Amino acid sequence: MDCNKRPENMQRITTPELANAFIDEQVKAIKKQVGDKKVLLALSGGVDSSVVAALLIKAIGKQLVCVHVNHGLMRKGESEQVIEIFQKGLDANLIYIDATERYLEKLKGVSEPEAKRKIIGAEFIRIFEEEARKLSGIEFLAQGTIYPDIIESDGVKAHHNVGGLPEDLQFELVEPVKLLYKDEVREVGYALGLPKSMVARQPFPGPGLGVRCLGEIERDRLEALRESDAILREEFDLAGLTDKVWQFFTVVPNFRSTGVRDGKRVFDLPVIIRAVNTVDAMSATVPEIDWAVLKKVTDRILSEVKGVCRVLYDLSPKAPATIEWE
C-alpha cells in the first residue's frame with residue numbers, strides 16, 4: 001500500500017472526537033518511529049507547521065527542536081505569537097533567529113518578483129542548515145506536508161519540504177498530517193488547544209510581505225505595509241469580517257503620490273487594500289465591504305501609518321487579475 005495515498009475508507013475529521021482519536025493514533029505512531037531520538041522542525045507559525053509542532057510536543061516533548069526564522073517579512077506580531085504560544089505556552093524547545101538584517105541586505109536592489117522569491121527561499125535553507133549543524137543527535141526532520149501537497153505536486157511542495165539541504169543532512173521524515181486536508185488539519189489544531197488566530201490563519205505566501213512590498217524591498221515601505229496590514233486585520237476583525245472574507249491584506253507599490261499634509265505638499269506612499277473570496281483560489285471575487293468599514297480603515301491608515309497619503313481598494317477579480325500583486 002502506498003503510504004502517501006489516503007485510504008478510500010479513511011473517515012474525514014469533522015468533529016473534536018475524531019480529531020482527538022487522530023491525535024492519540026499519531027502520538028503512538030510518532031513515539032514508535034522516533035524512539036528516543038531528536039526531531040528538527042522549521043516552525044513558520046503557519047497552520048500546518050504549528051499543528052505538527054503541537055502534535056510532536058504532545059508525543060515527544062523536548063525531543064522536538066523547533067527553529068523559527070524571522071526573515072523580517074512577517075506580519076506584525078507573528079514571530080511574537082510563535083514565541084508566546086510555543087516557548088511560553090507549550091514549553092517547546094524553540095530556537096528563534098532574527099535574520100531581518102541578513103535578509104534585507106540580500107534583497108537590496110532586487111526588484112524582480114521571482115528573484116526575490118528565490119533569494120528568500122535560498123536564504124532560509126542556508127540559515128536552517130547552519131542551525132542544524134549546530135545541533136547533535138538529530139535524526140529526523142518533521143514537516144507540515146498535507147494531502148493536497150502530495151496530490152498537486154506528486155510529492156512534497158517546496159514550501160513545506162526543506163529541500164536543498166546538503167546530502168549529509170538528509171534526515172528521515174516525520175509527516176504526521178500528510179494524509180489530511182486543510183480543514184482537517186485545522187480541526188486537529190483546535191483539539192490540540194492552539195488559538196483560533198493561528199489555526200484559522202489566512203493563506204500567507206512563503207516570501208511573506210516580500211511579495212506585497214512591490215519591487216525592491218525598502219524599509220520605509222515595508223514598515224508602512226506591516227502597519228497598514230495590522231490595521232486592516234484589526235478593523236475587519238472588529239467588523240466581523242474575518243470569517244466571512246477568504247483573504248485580505250494590504251499592498252504598498254514602488255511609487256509615490258502627491259499629497260498634502262499640514263498645509264504642505266508631500267510626496268508619499270499609497271496603500272492598496274486587497275480582499276477576495278474564493279473556493280479553490282483558481283478564481284476569486286471581490287466582496288462588497290461596507291463603506292463605513294472601508295472609511296474607518298482608511299482614516300486609521302492615513303493618520304497612524306507614517307508616510308502614507310492615499311488608500312485604494314482593489315476591485316479586480318481573478319481573472320484577469322491574480323490574488324497577490326506579485
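Predicted model: local features only at pLDDT ≥ 70, side-chain atom pairs only at ≥ 80, totals over all residues.
**Aromatic rings and their neighbours**

Hi everyone, let me start with R212, which lies over the face of F249, at 3.8 Å from the ring centre. A charge counts as sitting over a ring if NZ of Lys or CZ of Arg is within 6 Å of the ring centre and within 35 degrees of the ring normal.

Residues are numbered from 1 along each chain as its sequence is written, and side-chain values use heavy atoms, leaving out hydrogens and water.

Now, how many aromatic pairs does a search of the whole structure find? Three, where rings of Phe, Tyr and Trp (its six-membered ring) pair if their centres lie within 6.5 Å, with planes under 30 degrees apart counted as stacked, over 60 as edge-to-face and the rest as tilted. One of them joins Y147 and Y181, edge-to-face, at 5.6 Å centre to centre and 90° between the planes. Y147 lies in helix 6 and Y181 in the loop between strand 5 and helix 7, so this pair ties together parts 34 residues apart in sequence. Helices (H or I, at least four residues) and strands (E, at least two) are DSSP runs, numbered from the N terminus.

Are these tyrosines buried or exposed? Y147 is buried at 9% relative accessibility, while Y181 is partly exposed at 27%. Buried means under 20% relative accessible area, exposed over 50%, and partly exposed in between (1.4 Å probe, protein chains only).
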